[in-house]
Amino acid sequence: MANGAVFWASHAETCLRAVENSDTWGLRRFKEMFGGTGSLNDLVLQRDGSPLLQENDELRALLDEAWILADELARREL
């Protein structure tokens, strides 16, 4: 949200709320956000047309960690 990625932040928030309510839909939907063209993997934070290097590095690290945690949790749910 802080860097203007309101669309993705909103979808991630929806997934988080579902997971907090023990709804596995949130895990499935979160993992789906990473696939295909135009997915969360393609997100590049920028300001005035210039990529935010530090913020993008931090975002990548957080997304990697979130994917791993979601995958582990989804495996436990099956």
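Helices and strands are taken here as DSSP runs numbered from the N terminus, a helix having at least four residues and a strand at least two. The model is a predicted one.

**First stop: a loop residue**

Select Val-44, which is found in the loop that runs between α2 (25-32) and β1 (46-47). Is this residue buried, exposed or partly exposed? With a relative accessible area of 46%, Val-44 is partly exposed, because that class lies between the limits of 20% and 50%.

Now display the surroundings of Val-44. Apart from neighbours within four places in sequence, the residues in contact with Val-44 are Pro-51 and Asn-56.

**Second stop: the charged side chains of α1**

Turn next to the salt bridges, of which the structure holds 5. Side chains of opposite charge can pair when their charged atoms come close. Select helix α1 (residues 6-20) and show the side chains of Glu-13 and Arg-17. These two side chains meet in a salt bridge, with an N to O distance of 2.2 Å. Why are they about one helical turn apart? Arg-17 and Glu-13 are 4 residues apart in helix α1, so about one turn separates them.

With the three residues shown together, a network of salt bridges linking Glu-13, Arg-17 and Glu-20 can be traced.

Relative accessible area is 38% for Arg-17, which is partly exposed. Glu-13 is likewise partly exposed, at 36%. Glu-20 has a relative accessibility of 49% and counts as partly exposed.

Finally, move to helix α2 and select Arg-29 and Glu-32, which lie 3 residues apart, about one turn of the helix. What is the distance between the closest N and O atoms of this salt bridge? For Arg-29 and Glu-32 the value is 3.8 Å, and the pair qualifies because the cut-off for a salt bridge is 4 Å. Arg-29 counts as partly exposed, at 25% relative accessibility.

How values were computed: Residues numbered from 1 in each chain as written. Predicted model: local features only at pLDDT ≥ 70, side-chain atom pairs only at ≥ 80, totals over all residues. Heavy atoms only, no water. Buried < 20%, exposed > 50% of the residue type's maximum accessible area, 1.4 Å probe, protein only. Contact = heavy atoms within 4.5 Å.
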